[in-house]
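Subject: Structure handover

Hello,

Here is the structure I said I would pass on. My notes follow below it.

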Amino acid sequence: MLNARPPDAVRYVLAPDALRVLPHAAEGLRRLAARGFALVVITNQRGVATGRMTAADLDRIHAALEAALARAGVRLDALEVCPHDDGACGCRKPAPGMLLRAADRLGLDLARSVLVGDDPRDLEAGRRAGVPLRVLLRSDGDLRAAVARVEALLDARAPGAGPTCGGGEAADDVLAVEVDPAWSGARA
Ligand SMILES: [Zn+2]
């Protein structure tokens, strides 16, 4: 089984009623889940440390997020939050702490995981955690475009696979794809 962590595939705001799930994010997540990836969101929430919101606010937002995703048929395997201020912990991205924590708790193999983020710090966190395939998506970009790149890379391992592209998906929403030489894409 492969493990995915699409951090920031879903945007957060300061109150649950302002939360919105990005268009097509749920479909992208469903496609990753169908490939056998566990779905983990990792998110920096420094607003808790700075007093912009409370931990209870954050809990309500996450509950709303999970409810919105559930309505779209998506269940997150984990949602990891760093509520700390800059330099105060080992988990605020670009530190790898949240990835390591989720992997440990869920028994995920980071070497067979995929990271999708919308900030270079996300990719750095993935690199430092040993996630060998990392996709940088434009903020507010279509998650399906990132998922299409992941699918193409996985399918390219199949014999006789031709070139793949994202079809009607917004391919230029993908700003960068980093693949470590050691990445095999192989399933267990
Ligand atoms: Zn932290």
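The model is a predicted one. The strands concerned are S2 (residues 38–44) and S3 (residues 78–82), which pair in the parallel sense over five bridges. Together with helix H2 (residues 55–71), S2 and S3 make a β-α-β unit, and that unit is right-handed.

On confidence, the average pLDDT of the protein chain is 82, and 79% of the residues score at least 70. Residues 1–14 have a pLDDT below 50, though in the model this stretch has 65 contacts beyond near neighbours in sequence.

Next, the helix packing. Helix H1 (residues 25–34) packs with helix H5 (residues 143–155) at an angle of about 20 degrees, and the two axes are 7 Å apart. Angles under 35 degrees count as roughly parallel, so H1 and H5 are roughly parallel to each other. The crossing in which H1 passes H5 is left-handed. On the H1 side, the residues that meet H5 are Ala25, Glu27, Gly28, Arg31 and Leu32. Their counterparts in H5 are Leu143, Arg144, Ala146 and Val147.

Most peptide bonds are trans, and most residues other than glycine have a negative phi.

- The peptide bond from lysine 93 to proline 94 is cis, and its omega is near 20 degrees. Proline 94 is in the loop between S3 and helix H3 (97–106).
- Aspartate 140 is not a glycine, yet its phi is positive, at about 65 degrees. The loop between strand S5 (133–137) and H5 holds aspartate 140.

Regards

Conventions: Residues numbered from 1 in each chain as written. Predicted model: local features only at pLDDT ≥ 70, side-chain atom pairs only at ≥ 80, totals over all residues. pLDDT = per-residue confidence, 0-100. Contact = placed C-beta atoms within 7 Å. Pairing = 2+ DSSP bridges. Helix = DSSP H or I, 4+ residues; strand = E, 2+ residues; numbered from the N terminus. Right-handed = clockwise from strand over helix to strand, strands pointing away. Axes fitted to C-alpha atoms, helices over the stretch in contact; angles between N-to-C directions. Parallel < 35°, antiparallel > 145°, perpendicular 65-115°, else oblique. Left-handed = near helix turned anticlockwise from the far one by under 90°.
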